Amino acid sequence: MLYREAGQFKSSYAADSAILPIRQDRIGLAIILAIAFVVIPLAASPYLFSAILIPTLILALAALGLNILTGYAGQLSLGAAAFMAVGAFASYNFVLRVPGIPLLLAFAGGGVMAAAVGIVFGLPSLRIRGFYLAVATLAAQFFIVWCLTKIGWITNYNSSGVITAQRMQIAGITFDTPQEKYLLVLTIVALMALAAKNMARGNIGRQWMAIRDMDVAAEVIGIRLMRAKLLAFAVSSFYCGVAGALFAYAYLGTVEPEAYSLDLSFRILFMIIIGGLGTVLGAFLGSAFIVIVPILLSVAVEFLDNTLHLGVPSSVGSNLQLMVFGGLIIFFLIVEPFGLARIWQITKEKLRLWPFPH
Amino acid sequence: MLSFVFEVAIGGLLSGVMYSLVALGFVLIYKASGVFNFAQGSLVFFAALTFVGLTEHGLSFPVALLVTLVVMVIAGLLIERLVLRPLVNQPQISLFMATIGLSFFIEGLAQLVWGANVRGLDLGIQDEPIAWIADRTGVNVSKFDLMAAAIAAVLVTGLGLFFSRTRIGRALRAVADDHQAALAVGIPLQQIWGIVWAVAGLVALVAGMLWGARNGVQFALTFVALKALPVLILGGFESIAGAIVGGLIVGCTEKLAEVFIGPHVGGGIEGWFPYVLALAFLLVRPEGLFGEKIIRRI
C-alpha cells in the first residue's frame, strides 16, 4: 500500500533507467543519507565512530571491491587483505616522498598501485578457475605481505616495522577527531559505492556477470575474457587499495603489514557471503554484521558473566565468537545462500503487496 | 656441503610426508563427494587436542587413542549429516565456504572444550638423529621423521588395500567416479559419504598426532591445512598417490628454498614459496601430476 509504484510514470529514458526508479526508494535513500551525514555526526559518541562506524564503512568498501571480483565476475579471491596492504603502503609512500601531494590523490595513487598489483596476480585467472584461483590469490596474500615486511624501501627502513600514518589534511582542514574522520570516510565510501553500482548496471558489469555464469558462453558471444577479467581484478584491487589506505589512516593510525593478514581476507569474504554475493547493498549489510556481531557477543558474554557470576574466562568469549561465526556462515549458506541482501529484497517484494497476500 | 644438501633434502622429504597426511584427508573427501574440505586442518587440530586432553585427564595412551578415534568418527558423521547433506546440490563454491565456516566452528569448539594452552604430545620417539647413520655418512636423519614416514606408508598402504580389495572401498571409488551411476547400481550414497567423512576423521587423527608431537598442539596447527593446498595442486585433487608425491615435493623444495635462497632475500620464504610453486605449476599443468584431466563440456 505504501510501497507501490502505481502512479509514477516515466517520461524520459533517463528517468526510466535511473538507479532508483521508485520514488519511495529515493525518499528512503535520502533519509538514510541525511541520517548518515547529519544526524550521526551530531549525536554519536566517539566510541561509536571509532569502533563501529568507521571500520564498518572501510571494510564495506573492501567488501565492495571483493564483491566486484567474486560476486560479479565470479573469480574467487582470498587475497583482498593483501591488496588493501598494497594500497596502504603505496599511499604512505606517496605522502612521504611527494611533498605537498593532495591526500585524496595519494589515496587514489595507492588504489592505482593496488590495481597494478591486482592485474599481475589476476593473470592466472585467464588459465585457471575456482579453487585453483583461490590458491593463486592465497599466494598473492602471503607473498605480498612478505614483500612489504622485507623490502626496506617500502617501509622507509623503519626499524620497528610499525609506521605511524601521517595526519590527514585536505586543503588545510585536518581530520583528527573521530567525527571528521567518519565524514571523510563516509564521503569517499558513498561516492565509490555509487560508482560501483553504476559499473554493475553498465556494460562492463553485464560482461562480468556473463563471465561468472559461464565464461565459455561469454567468450562465444564476443566478450573479451582477458580484458574483462583483468579489469575486474584491477577495479576490485583499486577498491581494496583505497579501503586499505583508509584502514591505515582513518582507523588504525599505523601502517603495518600484520594488520592485513589472511584473517582479514577471510573476514571480508565472510562479509560478502553473508551480505549477499553480487550486490552493492550486500557489502554494507555484511560489513555491519561482521563488525557488530563480535561486539554484541562480547557484551552478551560479559553481561551473562556479571549477572550469573559464572566466572567465565575471557577466552570463552573469543571461542564462542568463532563458533557463532562459523555456525552463522553455515546457517546462511543453508537457509539463504544469497545473503542478507536477498532477505531485504524479499522484504521489499512483500511490502509491495502488503496488506494483500498476493 | 653435499651432505648438508642431502640432509636438508631428506628433512624436507620427511616433513613433506606430514603435509601428505593432511592432504590425504582432503583427497579422500574430494574423491568421494567433490567437496573441498577446508575444515580438514581444524579436524587435525581437534583430534590432536582431544587426544592430549584425554591423556591429561588420566586416560592411558591406547584408551585415549580409541576414544579419540570414536570421537573423530562421530564428528565426521555429524558433519556429513548436518552440514553437507542440506547443501547437496549447491554450487561447489557454497560447499567450500560452508567448510570454511565449519573450520571456524571446530576451532572454536576445540579451544572452548580443551582450552587454548600449547601442549606437547609425547609419542615416545624423540626427535633425535639416528646415531648409526650419522656416524657413517655425516647426515642427520631424525628418528621421529622416519617413524612418521613409516606410519604414513602404513596408512597409505592400508587405504590403498581398503579401496581396492573391500566392497566398501569399491563403492567409494564408484561414488567418486559418478554419483548418479553409483546410485543407479544401488550404492547408498548417504552412507558412503558418512563413511568417507569418518575415514577422513581417522586420517586427521593420525596427522594430528604426528604434527602435534612434532610442533606441539597449538592453534597454528589449523594453518597446516593451508599448506596442504599447494600439495593438492601439485599432486592433483583426486589422487592419493598425488597427495604423497605432492607432499614430498612441497616439503623438499620448501626446505631447500628456505636454506639456499632464503638468506639472500631476507628469510621467511617458507610462508609463500609452496604457493608460488603451485601457482607456476597451475599455469603449466592445471590438473596436477596425477589428477584427472578435466574436459569441461560446458
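In chain A, α8(A) and α10(A) are roughly perpendicular to each other, a label for angles of 65 to 115 degrees. This is a predicted model, where local features need pLDDT of at least 70, side-chain atom pairs count only at pLDDT 80 or more, and totals for chains, interfaces and linings use all residues. Residues are numbered from 1 along each chain as its sequence is written, chains are lettered from A and ligands numbered from 1 in written order, and side-chain values use heavy atoms, without hydrogens and water.

**Exercise 1.** Work out how α8(A) meets α10(A).

*Solution.* Start with the geometry: the axes come within 10 Å and cross at roughly 105°. Axes here are lines fitted to C-alpha atoms over the stretch in contact, with angles from 0 to 180 degrees between N-to-C directions; helices are DSSP runs (H or I) of at least four residues.

Next, find who touches whom (heavy atoms within 4.5 Å). From α8(A) come A:Ile204, A:Gln207, A:Trp208 and A:Ile211, and they meet A:Leu225, A:Ala228, A:Lys229, A:Leu231, A:Ala232 and A:Val235 of α10(A).

Finally, sort them: eight are nonpolar, one is polar and one is charged. Charged means Asp, Glu, Lys and Arg; nonpolar means Ala, Val, Leu, Ile, Met, Phe, Trp, Tyr, Cys and Pro; the rest, Gly included, are polar.

**Exercise 2.** Now do it for α7(A) (residues 178–201) and α8(A) (residues 203–213).

*Solution.* The axes lie 4 Å apart, at an angle of about 65°, so this pair is roughly perpendicular as well. On the α7(A) side you'll find A:Met199, A:Ala200 and A:Arg201; α8(A) brings A:Asn203, A:Ile204, A:Gly205, A:Arg206, A:Trp208 and A:Met209. That makes five nonpolar, two polar and two charged residues.

**Exercise 3.** Which residues line the largest cavity?

*Solution.* A cavity is a set of points on a 1 Å grid over the protein atoms alone where a 1.4 Å probe fits but cannot get out; lining residues have an atom within 4 Å of a point. The search turns up two cavities of 30 Å³ or more, and the largest holds about 60 Å³.

Its lining is B:Leu28, B:Lys31, B:Ala32, B:Phe163, B:Leu172, B:Arg173, B:Ala176, B:Val196 and B:Val199. Helices α1, α7 and α9 of chain B each give two or more of these. By class, that's seven nonpolar, no polar and two charged.

**Exercise 4.** Check the confidence for chain B.

*Solution.* The average pLDDT (per-residue confidence, 0 to 100) is 82, and 94% of the residues score at least 70.

Conventions:
Parallel < 35°, antiparallel > 145°, perpendicular 65-115°, else oblique. pLDDT = per-residue confidence, 0-100. 1 Å grid on protein atoms, 1.4 Å probe; cavity = no way out; pocket = protein on both sides within 12 Å on 5 of 7 lines; lining within 4 Å. Points joined across faces, edges and corners; volume = space filled by probe spheres on them.
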